[in-house]
Amino acid sequence: MKKSKLTILGGGSTYTLGILMSLIEESNHLPLSEITLYDTDISRQEKIGKAANILLKEHYPSLEKFEYTSNQSTAFKDADIIFVQIRTGGLLMRELDEQIPIQHGLVGQETCGGGGMSYGLRSIPDMLQLVEAIRSINKEAWILNYTNPAAIVGLALDKVFPDDNRLLNICDMPIAIMKSYADILDEDVWNLEADYFGLNHFGWFTKIQNKYGHDYTSELKHLIQNNDFKPTDKLIANDPSWQSTFKQAKQMVQDFEEYLPNTYLQYYLYPNQLSQKESANNTRARQVINGREKEVFNDCDTIIKQNNTENIDISGDIHGVYMIRIAASLVHHLKERFIIITRNEGIIPNLPSDALVEVPALLGRNGAEPFKVGEISTFYKGLLENQYAYEKLVLEAYFENDYNKLLQALVLNRTVIDTNKAKNVLSDLFEANKEYWPNLN
Ligand code: NAD
Ligand code: G6P
Ligand code: MN
């Protein structure tokens, strides 16, 4: 199999080390000749880069070259695959995105509601610049973007680069949920096949079967209604916040038993309950700063100090393996099935054609070939049209510099709804984001 060159943008991300471990584990699926990390924050990336040097030397002997850089030309030139995982404003701005809505009695979340809108307006300009810069240097690379909020970033990229079919937006939540399904069913996650529809962080599984056609959907609903549903992937299994999120699936399946929900629906279906659970001085961002971020950089310190990876768990995680298998399917034309984000264009005929939907698709050298979902029924159509209108208004506000459209977006958003709350939270988010948001009138 021909070896590929991979570049990871946001090399200093908390996910990079796990992706590198997953690349080691998946080196038969996606053999690589070179890995390059790129980040604008040199010192943050350096620690990951130094540890990666040791990890890869020890466990990826067939890799010919590894480097980390802040030079775009070095990073983008010749890459076959580019993963994009940046966070404009860092985890400290994420903390404000979450705190401000909580202070107004609303859900404070990275990608949902006011926080998601705030993050979206920060991510759009950086992502547009990055993709522009990549394409000025490299027209052919597969760009897999999972920078959040993927729904809004994806729409902005689709508007500015509508014909770029080597640019895909991806979320790991469906596969992380499927990993838990696989584990309660005692199946291998890669043997499961999902039917799924929705928008990013706003969708449902309609069917789960295995590769031999055994339909598990009813059994899964029963298992989830009668047991605690738990996160099981390495990255999230032991995290109390993810445990509580997965637990909420039970309530959702009891209340809406037609389909199996994405965990993110909890914020839209139970906004009051969720906002009451949150505390402004310990939002998810703070937990990540004290948790995943610390652990990753501690592991780096240990690896650098020891000059080897002894006593470090170097197994891959579902997030990394998912991105890698997607890349392998594209590069090697495997036409395997993955849930990805793509322009609707009739996949769900009774939703707007320009919405970005999250659905299963076959991935090969021509990009994504999504499966048709067909018409959806009133409840789901109502929810998705409403959420898409919110997303579209955020996008219009950005490109038209229109403050009022942000207010409309928040009033539509199921986590906000109330106009007075929307006005107040918007004004605080605007103040906090002066350095990042576009000019708005
Ligand atoms: P992080 O802050 O730890 O890492 C982001 C890195 O990006 C930092 O090292 C930062 O210096 C770098 N960066 C910021 N702006 C940059 C730019 N313009 N160019 C190059 N590098 C830049 O964040 P994290 O928690 O590791 O998450 C990384 C991203 O991945 C976030 O956007 C997060 O929401 C996203 N994510 C998405 C999914 C998904 O399902 N789509 C899953 C996991 C993480
Ligand atoms: C899932 C979602 C991502 C999101 C992440 C947040 O993986 O699919 O889109 O960024 O969760 O996780 P965290 O642990 O940072 O709260
Ligand atoms: Mn996601």
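The model is predicted, so local features need pLDDT of at least 70 and side-chain atom pairs count only at pLDDT 80 or more, while totals for chains, interfaces and linings use all residues. Residues are numbered from 1 along each chain as its sequence is written, chains are lettered from A and ligands numbered from 1 in the order in which they are written, and side-chain values use heavy atoms, without hydrogens and water.

Helices (H or I, at least four residues) and strands (E, at least two) are DSSP runs, numbered from the N terminus. Strands pair if DSSP finds at least two bridges between them. An open sheet is formed by 3 strands in the order 7-8-9, with antiparallel pairing. Strand 7 (192-199) and strand 9 (260-261) are its edges, each pairing on one side only. Strand 8 (residues 202-210) is joined to strand 9 by 2 bridges, and Phe205 stands opposite Leu260 in strand 9. Helix 14 (residues 378-400) packs on this sheet and touches strand 7 and strand 8; contact here means heavy atoms within 4.5 Å. The direction of helix 14 makes about 60° with that of strand 7.

Helix 14 also meets other helices. Axes are lines fitted to C-alpha atoms, for helices over the stretch in contact, and angles run from 0 to 180 degrees between N-to-C directions. Angles under 35 degrees count as roughly parallel, over 145 as roughly antiparallel, 65 to 115 as roughly perpendicular and the rest as oblique. The axes of helix 6 (residues 150-160) and helix 14 come within 10 Å and cross at roughly 55°, and the two helices are therefore oblique to each other. On the side of helix 6 the contact includes Ala151, Ile152 and Leu155, and on the side of helix 14 it includes Tyr388, Val394 and Phe399. By class this contact has 10 nonpolar, no polar and 3 charged residues; Ala, Val, Leu, Ile, Met, Phe, Trp, Tyr, Cys and Pro count as nonpolar, Asp, Glu, Lys and Arg as charged, and the others, Gly among them, as polar.

With helix 15 (residues 403-412), the axis of helix 14 comes within 8 Å and crosses at roughly 165°, which makes the pair roughly antiparallel. Among the residues that meet are Ala389, Leu393 and Ala397 in helix 14, and Leu406, Ala409 and Leu412 in helix 15. The residues of this contact divide into 8 nonpolar, 2 polar and 3 charged.

The structure holds 22 aromatic pairs; rings of Phe, Tyr and Trp (its six-membered ring) pair if their centres lie within 6.5 Å, and planes under 30 degrees apart count as stacked, over 60 as edge-to-face and the rest as tilted. The ring centres of Tyr181 and Phe205 are 5.3 Å apart with planes at 70°, so this pair is edge-to-face. Tyr181 lies in helix 7 (residues 173-185) and Phe205 in strand 8, so the pair ties together parts 24 residues apart in sequence.

Two loops carry backbone details. Most residues other than glycine have a negative phi, and most peptide bonds are trans. The peptide bond from Asn148 to Pro149 is cis, with omega near -10°, and Pro149 lies in the loop between strand 5 (142-145) and helix 6. His201, in the loop between strand 7 and strand 8, has a positive phi near 60°.
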